[in-house]
Structures are given as C-alpha cells and as structure tokens.
Amino acid sequence: MHIVVCVKQVPDTKIIKINPKTNTLDRRSAPAILNPYDAHAVQAAVKIREETGGMISVLSMGPPQAVAIIKKSIEIGADRGYLISDRAFAGADTLATSYALSKALQKIANEEPIDLVICGKHAIDGDTGQVGPGIARRLDIPPITNVIEVSEVNKAEKTVLIKRKQISGYELIQTQLPCLLTVEKEINSILYSPLPNMLRAARYEPVIWAVSDLGEVDKTQLGLKGSPTIVGKMFTPPKLEGGKKLEGSSDEQVSQLMDILMERKDLLKLKETSTAN
Ligand SMILES: Cc1cc2nc3c(=O)[nH]c(=O)nc-3n(C[C@H](O)[C@H](O)[C@H](O)COP(=O)(O)OP(=O)(O)OC[C@H]3O[C@@H](n4cnc5c(N)ncnc54)[C@H](O)[C@@H]3O)c2cc1C
C-alpha cells in the first residue's frame, strides 16, 4: 500500500494579521506551520499503514522553507517527503496548484504506484477545499470529501470503506482504490511523536523537484500564468458588537426585554414602510 499525503505550509491563522494598506496577509506576522488538517491526514495514513503495511510519502508545493513541514510529517510517521519548489509555481491559485501537484503525483507514481492520496479538508489560509478534488479530477480517481473514518482496506480487492460527515449524520461509501480522500479533524487525534521519528525527522532531507524535474508539463498552467482567479479585495470583517446584559429583578429584566423588542418592532415597521414607499 503506497499512500501519498499532500501537505501545505500555512501561516498560523490564529495570530496572522492583514495589512490594512495593501489588503494582503502579512505573512511575517505569524510563524509557518503544517496545515492542521494535513497533520490529521498524515496521522490517518499512519493508522492505515499499521493495518496494511506499505509506505507513506508526503508531497508539498511551496518555498524552500516548506521542508520544515515535511520534517514535521516525518515526525508524525511518514516515510518519504517530496517538495516541488520553483519560481514558476509562485502565485498559483487552486487550479494551478492542483495541476502542479497532480504532475508531481504522476512522477511519484512512476517510481512506486499510488493506492491512496489523502489531503486535508481545507487549508486554514486559502480555505477553499478545492485542491483535493482538483487533483482527483486531474488523476481521474474518485474524490471523497469530509472523511471521518477509513476502514476495511482490502488490498486484494482494491477497495476501502469510508465514513464521511454530512450536515446531519454520516454516509458510508465503499469505493475503489486508488482514490483521493479529504479528511476532517475528527478522523483522529494527533499523538505525541515517538522519539525515533523525531530523530529521523531532524536528519531527514526531502527530495526537492523543480519544474524541469517533473517531465512533460504545460508551463502555461503553472503559477500566476495558469491562475484565472483574481482576488478583488481582502479585509478583516468588522468585530461583532457585544450583547447587552439586562440587570435587576426578573420582572425588571422582562420589562427591559419587552422595551427592546418593541423598539426593534418599530424599526421593522419603519423598514417595511420605507420598502413600501
Ligand atoms: C491570484 C492568486 C495568487 C496566489 N498566490 C499565492 C502565492 O504566491 N503563495 C501562496 O502561498 N498562495 C497563493 N495563493 C493562494 C493559493 O491559491 C492557495 O493557497 C492554494 O491554491 C491552495 O488553495 P487553498 O489554500 O484553498 O487549499 P485547499 O484547497 O483548502 O487545501 C486542501 C488540501 O489540499 C492540499 N494542498 C493545498 N495546497 C497545497 C500545497 N501547496 N502543497 C501540498 N498540498 C496542498 C492539502 O492537503 C490541503 O489540506 C494565491 C491565490 C490566488 C487566487
């Protein structure tokens, strides 16, 4: 079983700031981390490998510093890491990102056929959730999104049972291998990395490929050139106003609440009148 997990380096969005003048992310304001959903994806791959044997590769597209998240994935339990890094990839939107990653996956598959690709549900910075399904479409394999459990991996029959989250309840799908999964955080808990993994990660050097290493690639589909998306505006949404705490006895609070509701009712009526006019 060869599992490839796509991992992305993202700024820690809990602390990142938006530059109000340029309306862009101030990437220097926060440390870069392994996208949290991708950490769960690597952990899910480790569990499958425990049951079926085989190998886990991780793949990332990003600047040279993205080596750090490949090392982090090795700490969690991945065996091998690949980074595709080239100025030609810069400025890629999800269409160009999924194209570049699918080309790298094809190259990896030439070395060792791939049975399963796992991505996070979304990246916490771009947050589109489009890259996983985009890769699946390009590789012509089924995408299964919002996965919360993987079981019954049958290597001989090349099938797997997937539980995926829905708005209410869940769905069970038996599908063919190879396929692509995008995983939710509920799929597992991130365990402490064993010491041997940490030592291996500290010394590990991933394979780094430039565009020229990927074989036949249509360069017009890469980076900014291959990205039809235009970001019109980016801004921090205004903070929500705090609620109002009612004070006094129960009767006084009810009376205050009624006043507020009546005030709102008048506002609603005013709105209705102005719409009618
Ligand atoms: C015009 C334009 C220019 C942009 N320029 C840049 C830029 O210069 N630098 C930049 O960082 N972003 C840039 N972006 C943002 C970029 O489009 C997205 O970050 C990227 O395409 C991934 O989309 P996402 O973050 O929505 O990922 P999602 O689709 O939400 O990610 C889902 C999953 O896909 C996988 N995945 C996503 N991206 C990668 C990756 N790079 N490597 C491996 N796996 C991945 C992960 O498993 C992840 O959990 C640009 C966007 C636009 C529209």
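## Asp115 and its partners

The side chains of Asp115 and Lys158 are joined by a polar contact of 3.0 Å. Here a polar contact is a pair of N or O atoms within 3.5 Å; within protein, one atom must be able to donate a hydrogen and the other to accept it, and residues adjacent in sequence count only if both atoms are side-chain atoms. The Asp115 side chain also reaches the backbone nitrogen of His2, at 2.7 Å. This is a predicted model, in which local features need pLDDT of at least 70 and side-chain atom pairs count only at pLDDT 80 or more, while totals for chains, interfaces and linings use all residues. Residues are numbered from 1 along each chain as its sequence is written, and side-chain values use heavy atoms, with hydrogens and water left out.

Helices (H or I, at least four residues) and strands (E, at least two) are DSSP runs, numbered from the N terminus. Is Asp115 buried or exposed? Asp115 counts as buried because its relative accessible area is 13%; buried means under 20%, exposed over 50%, and partly exposed in between, with a 1.4 Å probe and protein chains only. Leaving aside residues up to four places away in sequence, Asp115 touches Met1, His2, Lys158, Leu177, Pro178 and Cys179. Touching, or contact, means heavy atoms within 4.5 Å.

## A cis peptide bond

The peptide bond from Leu177 to Pro178 is cis, and its omega is near 0°. Pro178 itself sits in the loop between strand E11 (170-176) and strand E12 (179-183).

## Around the ligand

Which residues come nearest to the ligand? They are Cys6, Lys8, Asp38, Thr128 and Gly129, out of 28 residues around the ligand. A residue belongs to these surroundings if one of its heavy atoms lies within 4 Å of the molecule. The shell divides into 10 nonpolar, 12 polar and 6 charged residues. In this sorting, Ala, Val, Leu, Ile, Met, Phe, Trp, Tyr, Cys and Pro are nonpolar, Asp, Glu, Lys and Arg are charged, and the others, Gly among them, are polar. Strand E6 (55-61), helix H3 (94-111) and strand E8 (116-120) each give the shell at least two residues.

Backbone atoms also come into the picture. A polar backbone atom of Asp93 is 3.3 Å from an oxygen atom of the ligand, and one of Gly126 is 3.4 Å from a ligand oxygen. For Asp127, a backbone N or O atom lies 3.4 Å from an oxygen atom of the ligand. On its own the ligand exposes 940 Å², and the protein buries 80% of that. Accessible areas come from the Shrake-Rupley method with a 1.4 Å probe; for residues, only the protein chains shown count as cover.

Asp127 is found in the loop between E8 and helix H4 (131-139). Although Asp127 is not a glycine, its phi is positive, about 60°. Asp127 counts as partly exposed because its relative accessibility is 44%.

Now follow the chain into H4, whose buried residues are Gly132, Gly134, Ile135 and Ala136. They pack against strand E1 (2-6), H3, E8, E9 and E12. Just after H4 comes Asp140, with a positive phi of about 60°. Asp140 lies in the loop between H4 and strand E9 (143-154), and counts as exposed because its relative accessibility is 67%.

## The whole protein

Stepping back, the protein has 6 helices and 13 strands. Its radius of gyration is 24 Å, whereas a compact globule of 277 residues would have one near 19 Å. That radius is taken over C-alpha atoms, and the globule rule is 2.2 Å times the number of residues to the power 0.38. Along the principal axes, the C-alpha atoms fill a box of roughly 75 × 45 × 40 Å.

Buried residues make up 40% of the 277 residues. The accessible surface comes to about 16600 Å², and 54% of it belongs to carbon and sulfur atoms. Among contacts between residues at least 6 apart in sequence, 70% join residues at least 24 apart.
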